[in-house]
Amino acid sequence: MSELSERIGEIIQVSTTRFLAQSDDLSVLPHFGSFIKTQSQGMNIYGLVFNVYETSIDPNRRAMAFGIERAELLRRQPQIAEFLKVEFEAVVIGFADAGYIRAYLPPFPPRIHSFVYPCDSREVIDLTEDLEFIRSVNALPGLPVEELAAASIRLAYAERGNDSAFLTRAGQEIAQLLKDEYEKARSIIRRISDGR
Amino acid sequence: MAGKTKHIGSIIAGSLLGGLEAKLDEDINVEGISVGRLIVVDGALNKFFCLLKDVSLEATNEDILLNPPRDDFSKMVHAGVNTFYKLSLQPMLITSQEPEAGDRPRPSTTVPPHFSPVCEATADDISLIFGEPGLTNPEIGSPIFMDVPVCLNLERFCKRSNAVFGKSGSGKSVLARMILGHLVKSDMAINLIFDMHGEYGWSATSEGSGLDDPSLRQLLGSKVAIFTVDADSPLYRKIRPDYDVQIPCGIIEIADLELAAGELGLTPAGIETMYRLHDAWGEGKWLAKFLAMDAGELSLVVEELKVNDQALGKLHRCLSRLKRLPFIKKEVADDTVARIMNEIRAGRHIVFQFGRFNSMLSYILVANILTRRLHRLYVDKTDSARAEGTEGPKPLVVTIEEAHKFLDPAVARQTIFGTIAREMRKYNMVLLLIDQRPSGIDDEILSQVGTRIIGELGDERDINAVLTGLPSQGTLKVLINNLEPRQFLLTGFALPMPVVIDAKEYGLFCDELRVGAGVIGDEIERRKSMDTLKASVFGDDEIRFD
Ligand SMILES: Nc1ncnc2c1ncn2[C@@H]1O[C@H](COP(=O)(O)OP(=O)(O)O)[C@@H](O)[C@H]1O
Ligand SMILES: [Mg+2]
């Protein structure tokens with residue numbers, strides 16, 4: 001996997017449906033709703049970022065307010081950065097098996113300390129060819145489904161060079177996937193149609 | 001394969017009795033789908049020919065109705081999922097998907113499986129159902145929204161009494177004229193047309209352009225003979241009718257006058273009095289005698305016959321209106337009925353015109369009296385032909401405008417038209433009724449009508465009347481309610497299934513009818529001159545039918 005793009009983090013906790021990774025670099029935050037991947041046992045496992053947070057590295061000590069703008073503060077006291085970390089959580093949405101992208105859960109989760117990379121354009125397009133993954137996302141408790149679906153669709157839309165046919169198809173799929181939850185479908189559709 | 005199949009939906013529910021239901025494809029604009037269309041459902045083994053009877057808006061859940069999508073994008077993506085359009089179809093005919101030679105569409109006895117594709121009928125489907133245009137299967141229009149001929153099977157058409165209904169201006173006379181033109185041209189039956197409004201003779205004024213359209217005589221030449229009751233009409237300065245209608249007083253029956261009671265102002269007492277005169281002076285004589293009387297003579301009658309003098313005076317005044325009708329004569333020089341029979345024998349079709357005497361009174365009298373006499377002759381001819389085992393007289397189609405005047409429930413049992421309608425085709429005579437007020441026609445007569453051609457109708461009672469005795473009335477009613485002028489629902493004996501058509505453009509009909517009319521016309525002329533030659537050699541003794 002020499003052609004892998006620059007890694008953005010390392011996994012520090014896993015379960016079948018989601019994983020938690022720590023960012024390598026304080027200065028770049030992964031985007032909410034972006035598509036990421038990791039490797040495990042020769043298989044690419046894909047996830048969708050649904051939560052990003054920046055905390056103190058010591059669970060017993062919270063960061064304190066200094067009353068100075070962040071950029072200025074870090075310039076004056078660079079050591080503060082040493083005590084901060086960025087973590088992000090992703091929901092597993094599929095995996096690649098023998099070259100095919102499957103939009104359902106892999107047989108095993110990724111492993112801790114695996115590296116995390118952003119998906120390339122081809123992968124984003126393949127993963128969003130149908131929006132089955134939104135069904136899985138919707139089935140998991142505690143996720144901001146409406147925001148997440150809308151954000152990921154808008155990313156995929158941009159990845160396709162703002163192809164409005166895709167947006168229409170996506171809207172129809174949302175309507176279909178969530179046909180029993182009209183209000184939810186409606187709010188996602190409203191969000192994605194904003195970006196046109 | 002002429003005409004590409006256009007997929008518009010799939011079957012989602014249905015029953016043979018209640019009809020089929022289909023979900024419209026999302027990419028089809030519902031406003032392009034209108035009731036009355038011919039639809040084909042591709043079943044596994046059969047093709048189902050259906051009529052589109054309704055289109056409805058459906059939603060899969062309540063929420064979307066309570067909180068509808070506002071912007072176009074949302075409306076579009078919810079379409080087909082949360083909202084969809086449902087088509088209600090009435091299956092009419094089926095054919096096998098792999099028909100064998102000679103297979104004809106037959107009435108539908110089953111339903112197609114779930115999700116069978118629903119398509120618009122193609123040109124091939126239409127011609128499979130209605131046949132290819134031809135001399136005895138002429139094109140009279142096309143299914144609405146389609147440019148394919150719908151043909152009328154004239155052979156079946158002539159086997160029953162038929163009707164063209166529609167409110168004034170719906171185009172029924174023009175359509176009737178086209179059908180009659182084809183009947184004349186094809187010689188499937190001899191036509192006798194009582195042309196109250198002067199539209200079936202030489203020409204007819206088009207309300208649209210105000211110009212004169214050519215009518216039967218102009219189009220078909222000597223195959224059509226014109227009789228007129230108004231010999232001196234200035235209308236005929238250029239083109240003379242062939243014959244004058246002359247009706248001797250002696251053949252007018254009380255029943256004829258009763259039919260025109262409204263027009264003559266006859267009261268029940270007057271009718272009673274007529275019977276007294278009839279009994280006293282004899283059938284065939286009383287009317288002429290009575291009409292010729294003056295006041296003095298009338299008072300003698302009062303004494304002689306013990307009738308009420310006021311009733312008699314009133315009756316005299318009423319019946320005196322007959323004296324103003326020039327075609328009613330004491331003595332006639334020319335027997336109109338014999339002339340008609342000659343023309344029929346020669347294979348000519350007859351149009352009766354009324355010129356300036358186009359009052360209901362003259363119309364009712366002429367149509368009723370002539371038809372009654374002809375019917376009697378036809379009954380005799382048919383009966384004797386049957387006894388001898390030979391062919392009967394040529395089938396006759398009698399066309400009457402304002403048919404309800406003759407077939408009102410109060411009079412339908414007595415009039416000759418009621419009799420003809422009821423006895424079906426026993427004596428080779430059938431009717432073509434043209435009427436704008438079908439609710440005025442006796443129910444029993446309506447249910448005898450073989451093929452109904454139904455145009456725009458405004459009145460609910462008329463719509464119910466034209467549906468009398470038909471299956472799938474609910475569907476047909478929807479179709480009738482949606483008709484526009486010059487659109488007709490055709491249903492009945494001569495049609496394999498009901499269909500809504502745009503009537504053919506009259507100009508096109510004229511152009512087509514002229515083609516070949518000359519040739520056929522010439523052939524008729526040739527045969528006629530042969531007949532005349534034969535007659536001059538062998539003598540023309542008996543009236544024979546060929
Ligand atoms: N098939 C047709 N082609 C052309 N013009 C038509 C046709 N049908 C009706 N029209 C026009 O409509 C007018 C009214 O039609 P008509 O048959 O006289 O109505 P109705 O007898 O029902 O009162 C005609 O004079 C003609 O101008
Ligand atoms: Mg008319």
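Let's start with the ligand. Ligand 1 sits in the largest pocket. Keep in mind that this is a predicted model.

Who surrounds the ligand? Of the 18 residues around ligand 1, five come nearest: B:Gly169, B:Ser173, B:Ser206, B:Glu207 and B:Lys504. Now sort that shell by class. Eight residues are polar, seven are charged and three are nonpolar. Which helix gives the most to the shell? Helix H5 of chain B, residues 172–186, with four residues.

Next, the backbone contacts. B:Glu207 is among the nearest residues, and one of its polar backbone atoms is 2.7 Å from an oxygen atom of ligand 1. B:Val174 places a backbone N or O atom 2.9 Å from a ligand oxygen atom. How much of ligand 1 does the protein bury? Taken alone, the ligand exposes 550 Å², and the protein buries 89% of that.

Now to a helix. H14 of chain B covers residues 360–388, which makes 29 residues. From first C-alpha to last, H14 reaches 41 Å. That is close to the 42 Å expected at 1.5 Å a residue. What follows H14? B:Gly389, with a positive phi, near 70 degrees.

That's the tour.

Technical notes
Residues are numbered from 1 along each chain as its sequence is written. Chains are lettered from A and ligands numbered from 1 in the order in which they are written. This is a predicted model: local features need pLDDT of at least 70, side-chain atom pairs count only at pLDDT 80 or more; totals for chains, interfaces and linings use all residues. Side-chain values use heavy atoms; hydrogens and water are left out. Helices (H or I, at least four residues) and strands (E, at least two) are DSSP runs, numbered from the N terminus. The expected span of a helix is 1.5 Å times one less than its number of residues. A residue is near a molecule or strand if one of its heavy atoms lies within 4 Å of it. A polar contact is a pair of N or O atoms within 3.5 Å; within protein, one must be able to donate a hydrogen and the other to accept it, and residues adjacent in sequence count only if both atoms are side-chain atoms. Accessible areas come from the Shrake-Rupley method with a 1.4 Å probe; for residues, only the protein chains shown count as cover. On a 1 Å grid over the protein atoms alone, a cavity is a set of points where a 1.4 Å probe fits but cannot get out, and a pocket is an open set with protein on both sides within 12 Å along at least five of seven lines; lining residues have an atom within 4 Å of a point. A molecule sits in a cavity or pocket if more than half of its atoms lie within 2 Å of its grid points. Ala, Val, Leu, Ile, Met, Phe, Trp, Tyr, Cys and Pro count as nonpolar, Asp, Glu, Lys and Arg as charged, and the others, Gly among them, as polar.
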